[in-house]
Amino acid sequence: MSHQMKETAMKYVFMLSASMSILAIILIFYFMFSQGTPFIFEEGFGNFLLGTSWRPTASHPQYGILPMIIGSLTITAGAVMIGVPLGVLTAICLSHFMSDRVYRWFKPAINLMAAIPSIVYGFFALQLIVPISRSLFGGSGMNIITASILLGIMILPTVIGLSEAALRAVPKYYYEGSIGLGATHEASIMKVVVPGAKSGILSAVILGIGRAIGETMAVILVAGNQPRIPSGLHQGVRTLTTNIVLEMAYATGRHREALIATAVVLFVFILIINMIFMFVKRKGERS
């Protein structure tokens, strides 16, 4: 086989590989929307998205997912409030303040966090965070605060890794110019380097949000799984992902259709997050 034929063959192999990824996305789109959107239209957008009662097995079923939407958004917001400041500050420390000897220990440990299964994080929270939350806030200890702390810890590898890469990508003359003008090391980092990496850091935050809103197994163990609108952070909630996992095994008929429609809503949230990420990335490349 000639060299040109080998190149042509490899070209088609690469194209086939790329096409498989695109085909997978198309099939996911088709399955989700073909089976989920008819239920949403039949039930009505208002009744489904803004309904406050989820009673799929009652004599008069109700399929309102607003409590689960609020649960997902609340826990995700809490995780971002906890994980983003911690992650960005850790990234700043790793990239500009930590010695090479200490870095060689810290970086693999942070990478290892990304490899830990989510169910292990859930058991960790169940044994450590839930009892503390129970003693402070009462109840079972499985609530929004507990789930937010856990997800805040789980998004740390994503936020730290991408933020560190963005900080290291800032041209060194930014820092050197600031030092040359008489600024301190700390001021040069916080006022020159960090603003220079803001698009990358923001991308890390957006991907962290996507990681948090899509988490399931760990949240099942610590969120309380109560399909209601919470009146406080100390109450349990159910998220969109946990609602699907908990009930899909025995769901049939319209109940199953309602769960697939719930997955469509979650899928739309993820699409919006990814669109924001691509917009931020393109904006950062232009600037």
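Lys-107 has contacts with Gly-161 and Glu-164 once its neighbours within four places in sequence are set aside. With Glu-164 there's a polar contact between the side chains, at 2.7 Å. This is a predicted model, by the way. Lys-107 belongs to helix H4, which runs over residues 100-115. Its relative accessibility is 17%, and since buried means under 20%, Lys-107 counts as buried.

Next up is Met-68, in helix H3 (residues 66-96). Met-68 counts as buried because its relative accessibility is 0%. Leaving out residues up to four places away in sequence, Met-68 touches Trp-54, Pro-227, Arg-238, Thr-239, Leu-240 and Asn-243. As for Glu-215, it sits 147 residues from Met-68 in sequence, with 13 Å between their C-alpha atoms.

Now for some longer stretches. The unreviewed UniProt entry annotates residues 12-33, 64-97, 109-130, 142-162, 200-223 and 258-280 as "transmembrane region". Here is how two of those stretches look in the model:

Helix H11 covers residues 198-213, 16 residues in total, and spans 22 Å from first C-alpha to last, close to the 22 Å expected at 1.5 Å a residue. Its buried residues are Gly-200, Ile-201, Ser-203, Ala-204, Val-205, Ile-206, Gly-208, Ala-212 and Ile-213. When reading a list like that, keep in mind that an α-helix has 3.6 residues a turn, so residues three or four places apart point the same way.

Key
Residues numbered from 1 in each chain as written. Predicted model: local features only at pLDDT ≥ 70, side-chain atom pairs only at ≥ 80, totals over all residues. Heavy atoms only, no water. UniProt positions renumbered as here; feature names shortened; annotations may be inferred. Helix = DSSP H or I, 4+ residues; strand = E, 2+ residues; numbered from the N terminus. Buried < 20%, exposed > 50% of the residue type's maximum accessible area, 1.4 Å probe, protein only. Polar contact = N/O pair within 3.5 Å; in protein donor to acceptor, adjacent residues only side chain to side chain. Contact = heavy atoms within 4.5 Å. Expected span 1.5 Å × (residues − 1).
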